[in-house]
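Welcome, and thanks for taking a look with me. Below is a short tour, meant for someone meeting this structure for the first time.

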Amino acid sequence: MKAKERRLAELRAAIPEVTPREALALQAQGAALIDVREADEIAQGSPPGGHRLGRGFLELKIEDAVPDFERPLVMMCNSGARSLFAAEDLRRLGYTRLFSMAGGYTRWKNEGLPVEVPPRFDPLARERYSRHLMMPEVGEAGQLKLMASKVILVGAGGLGSPAAMYLAAAGVGTLGIVDDDVVDETNLQRQIVHSLERLGEPKAESAKRTIEALNPDVEVRVFKERLTSENVDRILAEGWDVIVDGADNFPTRYLVNDASVWHGIPVVHGSIFRFEGQATVFKPGEGPCYRCLFPQPPPPELAPSCAEGGVLGVLPGIVGSIQANEAIKLALGAGETLVGRLLLFDALETTFTEIALRRDPSCPVCGESPTITEYVDYVEFCQGGHTHVSS
Amino acid sequence: MTTVTVRIPTPLRSYTQGADEVRAEGATVAEAIHTLGAAHAGLLAHVLTPEGEPRQFVNIYLGSRNVRTLQGMATRVTEGDVISIVPAVAGGAT
């Protein structure tokens, strides 16, 4: 008898074996199925819902995949031998309820049990996203979620610039850009998605070119129009997962809010004025909406005047990056977002203050008896400046 | 008399000669805001309605809590409390 056979016999005596069907039943009861085969074997097919950890990094990755040492683990390889060795290793690591699947994946497949071919990263994507792939909070599953996600940016200006670039770099699959403005010199102090050679070009097109140069895998949908009550439903009907609101005016912000509530799409809100920024996440059904916080926009006579405007160039870089961070977490379903919290950033003092936001049962849009049930085109104003209707 | 600190948001600092914080006296949020308004002409109209309630585009926080979730403008303050005026801000793109 060869040494390996002697050792396998010892392991079989020590580690309980289960059939593929028993493994499937254990999985349904909460056990974790651990596929310890090599990546090229897993690429041919693997049971759905399993942890495809491979054998090489198994001990290093298992705790992130299964933090509970009492949770039953069903180890699986191709024939049922490597899984015994793997089970023994994890027992030594401290896991207490280990099983090995007899016959391995070959038998699983032969018995007609469910199989899926995991989506694969091409070598370039594996390289590009390697710093995401090595983190348990993102990993392959998270990166695939990002690559399948659709984020729409309202405004390709100060906030939209960094948000668009970080979301594109992160590999968000589809980015929508809504902006009817063109690039001018005064934008370049902060709107880093644009450049000198794009002067006069529509901002949405300019942003698309920058994004495509950064990451050609991102599909960019361009809407060279101002968001209005007429087009908002059409634009949002494209199945967006997240809205990043970087608008520059109240009419658009209220339109975005009402539409997000009615379409059930979370909004990552960011706004800036001089040295001060605000950021939060409005997630329909889970937290407050913009109107819970501010039921109505200020009338023209109480709005800040144009002459008092201005913004520190780096401020939208910080707030827009916070928005990108929130959008990525929403797409991943990871971490704690800013739902129910308003983050106030003072760039002059370098202070972050957080205040609690609550859903308002009497909110005119998301409350118990809404009084606003169709879009409102507020008049855009600017005290002492020009006034025009937004639609 | 109770003295509190009122944090003034950037859009309203033109009424406080640029100050980002102002001390105000009063036993309640309403009293403190009115003391502030008396000292800085023009400010109050941006914060409160003629009936004395926070405007629809402004929130008033005592510490990290919206006074609407406490006892409203009648919420009592204690020495050293921080009241923040948080207005809606639209800026972002242009």
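Leaving aside its neighbours within four places in sequence, which residues is Glu88(A) in contact with? The answer is Arg7(A), Leu11(A) and Ile15(A). Before going further, please keep in mind that this is a predicted model. The points below start with chain A as a whole and then move on to particular places.

**Chain A as a whole**

- Chain A contains 15 helices and 15 strands.
- Its C-alpha trace spans about 95 × 50 × 40 Å along the principal axes.
- Chain A has 391 residues, and 52% of them count as buried.
- If you take the contacts in chain A between residues at least 6 apart in sequence, 67% of them join residues at least 24 apart.
- The accessible surface of chain A is about 17400 Å², and carbon and sulfur atoms account for 53% of this surface.

**Around Glu88(A)**

- Glu88(A) sits in helix H5 of chain A, which covers residues 82–93.
- Glu88(A) counts as buried because its relative accessibility is 16%, under the 20% cut-off.
- Glu88(A) also belongs to a network of salt bridges that share partners, together with Arg7(A), Glu10(A), Arg55(A), Asp89(A) and Arg92(A).

**An exposed residue: Gln44(A)**

- Gln44(A) is placed in the loop between helix H3 (39–42) and strand E3 (51–52) of chain A.
- With a relative accessible area of 62%, Gln44(A) is exposed, since the cut-off for that word is over 50%.
- Not counting residues up to four places away in sequence, Gln44(A) touches Tyr105(A) and Val117(A).
- Gln44(A) and Glu349(A) are 305 residues apart along the chain, and 56 Å separates their C-alpha atoms.

- Side chains of opposite charge can pair when their charged atoms come close.
- Over all chains, the count comes to 28 salt bridges.
- One of them joins Arg126(A) and Glu140(A), with the closest N and O atoms 3.2 Å apart.
- This pair links distant parts of the chain, as Arg126(A) is in helix H7 (residues 123–128) and Glu140(A), 14 residues away, is in helix H9 (residues 139–148).
- Arg126(A) is partly exposed at 35% relative accessibility, and Glu140(A) is partly exposed at 37%.
- Asp258(A) and Arg291(A) form another salt bridge, in which the closest N and O atoms are 2.7 Å apart.
- Asp258(A) lies in helix H13 (residues 250–263) and Arg291(A) in helix H14 (residues 290–293), so this pair ties together parts that are 33 residues apart in sequence.
- Are Asp258(A) and Arg291(A) buried or exposed? Both are buried.

**Where chain A meets chain B**

- In this pairing, 44 residues of chain A are in contact with 29 residues of chain B.
- The area buried between the two chains is about 2800 Å², with carbon and sulfur atoms giving 54% of it.
- On the chain A side, Asp248(A), Phe294(A) and Leu302(A) lose the most area to chain B, and together they make up 20% of what that side buries.
- How many salt bridges are counted between chain A and chain B? The count is three.
- One salt bridge brings together the side chains of Arg13(B) and Glu276(A), at 3.3 Å from N to O.
- Another is formed by Asp360(A) and Arg68(B), whose closest N and O atoms are 3.5 Å apart.
- Asp360(A) lies in the loop between strands E13 (351–356) and E14 (379–380) of chain A, and Arg68(B) in the loop between strands E4 (65–66) and E5 (82–87) of chain B, so this pair joins two chains.
- Asp360(A) is buried, with a relative accessible area of 17%, whereas Arg68(B) counts as partly exposed at 41%.

**An enclosed helix: H10(A)**

- Helix H10 of chain A (residues 160–170) is largely enclosed by the rest of the structure, because eight of its 11 residues are buried.
- The buried residues include Gly160(A), Pro162(A), Leu167(A) and Ala170(A).
- Gly171(A) follows H10(A), and its phi is positive, near 95°.

Terms used. Residues are numbered from 1 along each chain as its sequence is written. Chains are lettered from A and ligands numbered from 1 in the order in which they are written. This is a predicted model: local features need pLDDT of at least 70, side-chain atom pairs count only at pLDDT 80 or more; totals for chains, interfaces and linings use all residues. Side-chain values use heavy atoms; hydrogens and water are left out. Helices (H or I, at least four residues) and strands (E, at least two) are DSSP runs, numbered from the N terminus. Buried means under 20% relative accessible area, exposed over 50%, partly exposed in between (1.4 Å probe, protein chains only). Contact means heavy atoms within 4.5 Å. Accessible areas come from the Shrake-Rupley method with a 1.4 Å probe; for residues, only the protein chains shown count as cover. Buried area is the accessible area (1.4 Å probe) that two parts lose on being put together, summed over both. A salt bridge is a side-chain nitrogen of Lys or Arg within 4 Å of a carboxyl oxygen of Asp or Glu.
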